Amino acid sequence: MTSEHGARSLWGPLFTDPDVEAEICDRAWLRAMLDFERALAIVQARAGLVPEEAARMVVTAIDVGHYDPVVLGEDAPASGTPVVPLVRAIAAHVTPEGRAAVHNGATSQDVLDTALSLVAHRALGPVLVGLRAVAAECERLAERHRDTLIAGRTLAQHALPTTFGLKCAGWLVAVDEAETALARVRAHRLAVQFGGAAGTLAAVADPGAALTDQLAAELGLAAPLIPWHTNRTRVVELAGALGEVAGVLGKIAQDVVLLAQTEVAEVAEAEGGTSSAMPHKRNPVRAVLVAAGTRRVPGLVSTLLGSMVQEHERAAGAWHSEWQTVTELLRLVGGAVRGTRELLSRLRVDTERMRRNLELTGGLLMAENVAVRLSAAIGRAEAQDLVAEVCRTAVASGRPLRDALIADLRIGLTEKEVDDALDPACYVGSAGEFVDRALAAHRGRGRP
């Protein structure tokens with residue numbers, strides 16, 4: 001974890017999760033490649049393709065041998081991947097007889113594609129655990145603030161009253177949906193790769209297809225129908241699911257940043273960040289860092305989408321572009337999950353400020369309710385036009401909407417009826433029911 005982007009680097013603590021980093025670092029990739037070579041020797045020995053003693057030598061060489069990712073990286077440019085120097089290093093640790101079981105029938109892409117699946121599968125473990133913790137925080141906030149009034153905002157302006165609980169329930173549903181999609185990819189789409197030089201497994205003849213299934217079982221990965229060397233749908237599904245998670249978390253962070261503005265001040269981060277120049281600042285740093293990390297994700301997803309077009313049976317560059325791109329995607333999403341969990345667990349909610357902010361427009365955000373109450377008597381269109389005119393009068397005169405409504409004889413409502421129409425608590429529709437439905441759905445979810 002001491003790589004340039006690792007958790008112990010200059011930037012690592014800002015944008016990574018150490019648990020995820022441990023599964024995507026250089027040594028994690030090396031471990032995954034070695035796991036493929038070990039599993040390959042084991043299943044081929046079971047199938048009688050290589051001597052059992054040779055397979056045992058390979059397993060021993062992998063388990064006790066010293067393989068340095070830095071050295072492998074230095075030797076990789078000659079072949080374009082670190083697999084060739086790795087295979088050479090494994091072979092150096094066994095006798096000539098044992099070399100029959102080293103990398104038999106496989107190609108470099110088999111090793112690296114399987115390693116990518118293993119790295120992603122392992123890294124997604126802590127990512128999914130973290131996402132469920134984020135969902136639990138959303139659940140807590142939604143339940144606690146089910147009926148806490150807040151101004152709903154559309155196009156960044158006050159729209160209608162809603163509840164903070166409904167906002168949090170929206171976060172909860174989105175997190176649950178994104179977690180479901182990512183868990184599906186982990187369980188069903190991260191597959192072993194074993195196709196040999198051109199995807200035919202000609203070097204291992206008849207047992208070839210069955211060996212793929214056995215490799216998948218040995219490694220705990222999905223078994224593909226056929227080799228997927230230049231069919232990159234699996235990689236893109238992983239990228240898309242990670243992109244979905246990033247978008248959901250970025251939206252939460254953006255909401256918090258906006259709600260934490262001085263002029264709004266409806267939420268705040270506990271132990272807010274300091275400024276190097278302004279002692280009074282308490283910046284929403286966790287939300288800012290989540291927003292920053294998730295903004296980088298769409299470009300990485302786009303890179304993987306662009307890499308789907310690959311030549312014939314082996315890509316010339318597109319495949320190679322995936323390794324670091326997927327690694328960085330996992331890194332950024334893992335960091336965003338951790339940051340969002342910390343953000344929500346320490347979020348301070350100012351319910352009084354939320355209520356006061358409802359009055360900032362002098363009752364204008366309740367204009368729709370006034371029009372609804374008038375429409376039964378004068379018609380919907382006429383009521384809309386009349387209330388819009390009264391709103392313009394209130395704004396021009398600087399008076400609250402209540403005063404303008406009472407003063408206009410065309411309105412025809414008593415003062416009590418006007419007050420009832422302007423009460424935000426009476427115009428949140430099905431907000432409470434929606435919160436209840438989101439909570440029930442979340443609590444009814446099965447867990448893998």
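## Gln-109 and its surroundings

Leaving aside neighbours within four places in sequence, Gln-109 is in contact (heavy atoms within 4.5 Å) with Thr-114, Gln-193, His-229, Arg-232, Arg-314 and Trp-319. Gln-109 belongs to helix H7, residues 108-144, where helices (H or I, at least four residues) and strands (E, at least two) are DSSP runs numbered from the N terminus. With a relative accessibility of 0%, Gln-109 counts as buried; buried means under 20% relative accessible area, exposed over 50%, and partly exposed in between, with a 1.4 Å probe and protein chains only.

The model is predicted, and local features need pLDDT of at least 70, side-chain atom pairs count only at pLDDT 80 or more, and totals for chains, interfaces and linings use all residues. Residues are numbered from 1 along each chain as its sequence is written, and side-chain values use heavy atoms, with hydrogens and water left out.

## Aromatic pairs

The search of the whole structure finds 2 aromatic pairs. In one of them, the ring centres of Phe-164 and Trp-171 are 6.1 Å apart and the planes stand at 90°, so this pair is edge-to-face. Rings of Phe, Tyr and Trp (its six-membered ring) pair if their centres lie within 6.5 Å, and planes under 30 degrees apart count as stacked, over 60 as edge-to-face and the rest as tilted. Phe-164 is buried at a relative accessible area of 0%, and Trp-171 is buried at 2%.

Trp-319 and Trp-323 form an edge-to-face pair, with 5.1 Å from centre to centre and 85° between the planes. Both Trp-319 and Trp-323 are buried, and Trp-319 is also among the contacts of Gln-109.

## The second largest pocket

The second largest pocket has a volume of about 410 Å³. On a 1 Å grid over the protein atoms alone, a pocket is an open set of points with protein on both sides within 12 Å along at least five of seven lines, whereas a cavity is a set of points where a 1.4 Å probe fits but cannot get out; lining residues have an atom within 4 Å of a point. Grid points are joined across faces, edges and corners, and a volume is the space filled by probe spheres set on the points.

This pocket is lined by 16 residues, of which Arg-153, Ala-156, Gln-157, Leu-258 and Leu-259 lie nearest its centre. At least two lining residues come from each of strand S1 (149-154), strand S2 (157-163), helix H8 (164-188) and helix H10 (233-259), and S2 supplies the largest share, 4 residues. By class, the lining of the second largest pocket has 7 nonpolar, 6 polar and 3 charged residues, where Ala, Val, Leu, Ile, Met, Phe, Trp, Tyr, Cys and Pro count as nonpolar, Asp, Glu, Lys and Arg as charged, and the others, Gly among them, as polar.

## Positive phi at two alanines

Ala-156, placed in the loop between S1 and S2, has a phi near 70°, a positive value in a residue other than glycine. Ala-156 is exposed, with a relative accessible area of 68%.

Ala-265 also is not a glycine and has a positive phi of about 55°. Ala-265 sits in the loop between H10 and strand S3 (267-269), and at 25% relative accessibility it counts as partly exposed.

## The cavity

The whole structure holds 1 cavity of 30 Å³ or more, and about 30 Å³ of space lies in the largest cavity. Its lining consists of Leu-116, Ser-117, Arg-189, Leu-190, Trp-228, Arg-234, Val-235 and Leu-238. H7 and H10 are the elements that give two or more residues to this lining, and H10 gives the most, with 3 residues. By class, the lining of the largest cavity has 5 nonpolar, 1 polar and 2 charged residues.
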